[in-house]
Amino acid sequence: MTDAIQKAGAGTTTVLEVQDLDVAFGKHHVLKEVSLTVPQGRTLGLVGESGSGKSTLAKAIVGLVKPAGGRILLDGVDLTHTKRTVAVRRRVQMIPQDPYSSLNPRMTIGETLAEALDPRRASVKAHRTEIEALLNRVALDGEVAARHPQEFSGGQRQRIAVARALAVRPALIIADEVTSALDTSVQAEVLGVLRELRRELDLTMLFISHDLAVVRHVCDEVAVLKDGELVELAARDALFGEPRHPYTRLLLDSVPDGGPLRTAG
Ligand SMILES: Nc1ncnc2c1ncn2[C@@H]1O[C@H](COP(=O)(O)OP(=O)(O)OP(=O)(O)O)[C@@H](O)[C@H]1O
């Protein structure tokens, strides 16, 4: 870590704590001693060029990638040394990038949400009220529960994916490029829903995006990854107003309006 990194959220409960995380694929060292925290009710943005390691960090947190070193703590429990039981996996919910492949096409929206609410008793009938409330939370009508994912637009599917993540009542939501497959107007619709939910439900979120404008719109703090190293972590306004690390300044200079980042390669 460099001295450009400011500790965020002092004095609040920490939900996610990543300590000196190392991930390697063979000889390729993809994450190098990454440390960050996400306090309760806050959204941390994670930005960086393509290949900087953003998705790898998300995968390590949900247990899809095994770290070579360091620790990941969720509500103080060390996930790197804990068996990923169903109960542990439910504590972190990922909203993936692709709304077209993330929902099971054979299940109705109601069945998908019922399963997320209660895997042991995934009955739409038993959970009808909660399902309707979840759909309303993401600005959808309760009657969509009877329909299948392929009947919806990309933005609607992404809102359904948000509802499914909420249904699990996770400690942490990881949103990995949730708007990058969507048109700009639809992006705004999904981001509006997320902002509203954060306020109403006190959600704790790691929000991964290569799009600085989106991050500025949604996040409280922002972490900058460069070639697997965390070079800066600061409150949103500080990062956008007075970036301390030269690489952050470079990223901001390359997009004066805060628009999408240019990617490497
Ligand atoms: N399973 C894997 N095996 C080998 N290398 C991998 C694997 N997954 C990722 N990598 C490599 O790790 C590096 C970081 O990839 P990662 O997907 O985490 O970057 P990213 O910042 O999320 O990029 P993007 O914005 O393009 O999704 C890349 O060089 C990638 O090729």
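Helices and strands here are DSSP runs, a helix having at least four residues and a strand at least two, and they are numbered from the N terminus. Keep that in mind as we walk through this model, which is a predicted one.

Let's start with the whole chain. It has 9 helices and 10 strands. Its C-alpha trace spans about 55 × 40 × 40 Å along the principal axes. Of the 265 residues, 43% count as buried.

Strands of a sheet pair through backbone hydrogen bonds, and they can do so parallel or antiparallel. In this chain, 6 strands form an open sheet with mixed pairing, in the order β6-β7-β8-β3-β9-β10. At its edges sit β6 (92-95) and β10 (229-235), each of which pairs on one side only. On average, neighbouring strands of this sheet are turned by 20° against each other, ignoring direction.

Zoom in on one pair: β3 (residues 43-47) and β9 (residues 221-226) run in the parallel sense, with 4 bridges.

Next, find Ser 180, in the loop between β7 (172-176) and α6 (184-201). Is Ser 180 buried, exposed or partly exposed? A buried residue needs 20 or more C-beta neighbours within 10 Å and an exposed one has 12 or fewer; Ser 180 has 15, so Ser 180 counts as partly exposed. Setting aside neighbours within four places in sequence, Ser 180 is in contact with Gln 97 and Asp 211. Gln 97 is 83 residues away in sequence, yet the C-alpha atoms of Ser 180 and Gln 97 are 6.9 Å apart in space.

Finally, there's the ligand. The residues around it include Phe 25, His 28, Gly 48, Lys 54 and His 210. Which element gives the most to this shell? That's α1, with 3 residues. Both β2 (28-39) and α1 (54-62) supply at least two residues each. Sorted by class, the shell has 2 nonpolar, 9 polar and 1 charged residues.

Note on methods. Residues are numbered from 1 along each chain as its sequence is written. This is a predicted model: local features need pLDDT of at least 70, side-chain atom pairs count only at pLDDT 80 or more; totals for chains, interfaces and linings use all residues. Two strands pair if DSSP finds at least two bridges between them. Axes are lines fitted to C-alpha atoms, for helices over the stretch in contact, and angles run from 0 to 180 degrees between N-to-C directions. Two residues are in contact if their C-beta atoms, placed from the backbone, lie within 7 Å. A residue is near a molecule or strand if its C-beta atom, placed from the backbone, lies within 6 Å of it. Ala, Val, Leu, Ile, Met, Phe, Trp, Tyr, Cys and Pro count as nonpolar, Asp, Glu, Lys and Arg as charged, and the others, Gly among them, as polar.
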